[in-house]
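Q: I have a model to read and I am new to this. Can we go through its features one at a time?

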Amino acid sequence: MSRKIRVHYPWNKTPVKGGFFVPSLNLEQTKEDGLRAAVFNKMKAKATFVVHNGRLGVLFTRVR
């Protein structure tokens, strides 16, 4: 049985052109959830799949 882990996306604390990294094995779902959270907070964002410090995940960047 798998359970869903809730991730807090700190969009309100992220400055324009700033970003944050979310480690994940399920990249597509993490990208979709993070961008949905950005839209909910009325922000434009982009997501990129990266390896950061040896961890696979998604790098979110605030555009506007």
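Q: Where do Asp 33 and Arg 36 lie, and how many residues apart are they?
A: Both lie in helix α1, three residues apart, about one turn of the helix. Helices here are DSSP runs of H or I with at least four residues, strands are runs of E with at least two, and both are numbered from the N terminus.

Q: What kind of model is this, and how are its residues numbered?
A: This is a predicted model: local features need pLDDT of at least 70, side-chain atom pairs count only at pLDDT 80 or more, and totals for chains, interfaces and linings use all residues. Residues are numbered from 1 along each chain as its sequence is written, and side-chain values use heavy atoms, with hydrogens and water left out.

Q: How many salt bridges does a search of the whole structure find?
A: A salt bridge is a side-chain nitrogen of Lys or Arg within 4 Å of a carboxyl oxygen of Asp or Glu. The search finds two. One joins Asp 33 and Arg 36, at 3.3 Å from N to O. Salt bridges that share partners join Glu 32, Asp 33 and Arg 36 into one network. The bridge between Arg 36 and Glu 32 has its closest N and O atoms 2.7 Å apart.

Q: Why are Arg 36 and Glu 32 separated by about one helical turn?
A: Because they are four residues apart in helix α1.

Q: Is Asp 33 buried or exposed?
A: Buried means under 20% relative accessible area, exposed means over 50%, and partly exposed is in between (1.4 Å probe, protein chains only). Asp 33 has 17%, so Asp 33 is buried. Arg 36 has 47%, so Arg 36 is partly exposed. Glu 32 is partly exposed too, at 40%.

Q: How do I read the sheet? In what order do the three strands come?
A: Strands of a sheet pair through backbone hydrogen bonds, either parallel or antiparallel. Two strands count as paired if DSSP finds at least two bridges between them. Here three strands form an open sheet in the order β1-β3-β2, with antiparallel pairing. The edge strands are β1 (19–23) and β2 (45–52), and each pairs on one side only. The twist averages 25° from one strand to the next.

Q: How many bridges join β2 to β3?
A: Eight, and β3 spans residues 55–62. Ala 45 stands opposite Arg 62. Thr 48 has Leu 59 as its bridge partner. The hairpin of β2 and β3 has two residues between the strands, and Asn 53 takes a positive phi near 55° there.

Q: How many bridges join β1 to β3?
A: Five, again antiparallel. Val 22 stands opposite Val 58 in β3.

Q: Which strands does helix α1 lie across?
A: Contact means heavy atoms within 4.5 Å. Axes are lines fitted to C-alpha atoms, for helices over the stretch in contact, and angles run from 0 to 180 degrees between N-to-C directions. Helix α1 (residues 27–40) lies across β1, β2 and β3, at about 20° to β3.
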